[in-house]
Amino acid sequence: MIFLTVGTYPLQFNRLIKAVDAAVGCNLIDAEVFAQTGLSDFRPEHMNFVELMDKAEFDCCFEEASGIVSHAGMGTITMALDLGKPLVVMPRLKRLNEHVNDHQLATARKFEALGHVMAAYDETQLVHRINALGAFRPAKRNTQAQAVSDRISKFLNQVQKNR
Amino acid sequence: MRKRKKHRPLRICVGASAGGHMNQLLKLLEASESWPEKPYLYVTTLEALAAKIAEKGQVYVIGECNRRQPVNAIRVLARCFKIAVRERPDVIVTTGSLPLAMLCFWAALFGARIVWIDSIANVERLSMSGAFVRTFADLFLTQWPELARRYKNVEYAGAIV
């Protein structure tokens, strides 16, 4: 199963859902697709979907999927990297009223360049990338949560001391 | 009186919008054993997340908004004001976004110290909310070294995700 999610950001991302739905309708995608449509009002006709799941259900769906298709949101990207799931992202664009700025374009380019995700910048690329999900192995990412937390800890201890 | 105040545990409030912001906050908290106190208050934007977070402590859900939704924004601003007045946290630690910037704004007015970690999603420039909070934040972190070099008073200590 491929899991499609457009995040919980309070703006629509109909373009991605429509594109996947149309591709499923035309038998262009080899796998079954299940979608969480979030705050988008487009209703898919060719695949099963829910608007919004509980976090626990969402996690379960994510874990069961063989591949993920999503907006270029960091929540999804992080989860996919943690679980080693192949992911195709399509950035939300400001000019189509999908976000308030184009930071997702920058995120998609950066994480694509680092080999962490595949990116699709239009509907045609999207179908190709989805069908390539099975062969994609995301590059592992090195993170420093402990170092960030230690920096904050140092600050908090200072605040504590100066009270 | 002064002595009692000094021994009162640091009231740390943590917060993040649903999605990537919350993801980053939770990862940060997993590594937070060295903090002087555990957070006593959690703030997020989506009811669907509240149940999971409630296992950790008290949760406030302030709702989502962005700068294109002025009515929602005012509603969120009002909820943040209530939290700032009622809870009077000593410190806010947040990974954004706009709804949490509103909480930072009010809490800072009431004397809270502000720690803002700009989301990893801001690759080329700081978020607009971050740029606003930077004007009064006490500790401002980015997760991209090139951004720390470009902005004053912005530190890079690593990437959470």
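This is a predicted model: local features need pLDDT of at least 70, side-chain atom pairs count only at pLDDT 80 or more; totals for chains, interfaces and linings use all residues.
**Entry 1: Leu16(A)**

I began with Leu16(A), which counts as buried because it has 28 C-beta neighbours inside 10 Å. Residues are numbered from 1 along each chain as its sequence is written, while chains are lettered from A and ligands numbered from 1 in the order in which they are written.

I found Leu16(A) in helix α1 (residues 14-25) of chain A. (Helices are DSSP runs of H or I with at least four residues, strands are runs of E with at least two, and both are numbered from the N terminus.) Leaving aside neighbours within four places in sequence, I saw Leu16(A) in contact with Val6(A), His71(A) and Met90(A). (Contact means that the C-beta atoms of two residues, placed from the backbone, lie within 7 Å.) I also looked up Thr76(A): 60 residues separate it from Leu16(A) in sequence, and the C-alpha to C-alpha distance is 15 Å.

**Entry 2: chain A as a whole**

I counted 6 helices and 6 strands in chain A. From the N terminus on, I read their order as β-α-β-β-α-β-α-β-α-β-α-α. Along the principal axes, the C-alpha atoms of chain A fill a box of roughly 65 × 30 × 30 Å. Of the 163 residues in chain A, 43% are buried.

**Entry 3: helix α3(A)**

Which residues of α3(A) are buried? I noted Met74(A), Gly75(A), Thr76(A), Ile77(A), Thr78(A), Met79(A) and Ala80(A). With 7 of its 10 residues buried, α3(A) is largely enclosed by the rest of the structure. The buried residues pack against β1 (2-5), α2, β4 (67-71), β5 (87-90) and α4 of chain A, and also against α2 (20-30) of chain B. After α3(A) comes Gly84(A), with a positive phi near 65°.

**Entry 4: where the chains meet**

I found 34 residues of chain A and 45 residues of chain B in the contact. On the chain A side, α2 (55-64), α3 (74-83), α4 (103-113) and α6 (145-161) each supply at least two residues. The largest share, 14 residues, comes from α6(A).

**Entry 5: two helices of chain B**

I then turned to helix α4 (residues 70-87) and helix α5 (residues 98-109) of chain B, whose axes come within 8 Å and cross at roughly 40°. (Axes are lines fitted to C-alpha atoms, for helices over the stretch in contact, and angles run from 0 to 180 degrees between N-to-C directions.) That angle makes α4(B) oblique to α5(B). (Under 35 degrees is roughly parallel, over 145 roughly antiparallel, 65 to 115 roughly perpendicular, and the rest oblique.) In this contact, α4(B) gives Val76(B), Leu77(B), Cys80(B), Phe81(B), Ile83(B) and Ala84(B), and α5(B) gives Pro99(B), Met102(B), Leu103(B), Trp106(B) and Ala107(B).

**Entry 6: the core**

What has the most contacts inside the largest nonpolar core? In this core of 88 residues, I listed Val20(A), Val88(A), Val89(A), Ile92(B), Leu103(B) and Cys104(B). (A nonpolar core joins buried Ala, Val, Leu, Ile, Met, Phe, Trp, Tyr and Cys residues through C-beta atoms within 7 Å.) α5(B) gives the most to it, with 8 residues. Beyond its neighbours within four places in sequence, Cys104(B) is in contact with Ile92(B), Thr94(B), Ile114(B), Trp116(B) and Val133(B).

How values were computed
A residue is buried if 20 or more other C-beta atoms lie within 10 Å of its own, exposed if 12 or fewer, and partly exposed in between; C-beta atoms are placed from the backbone.
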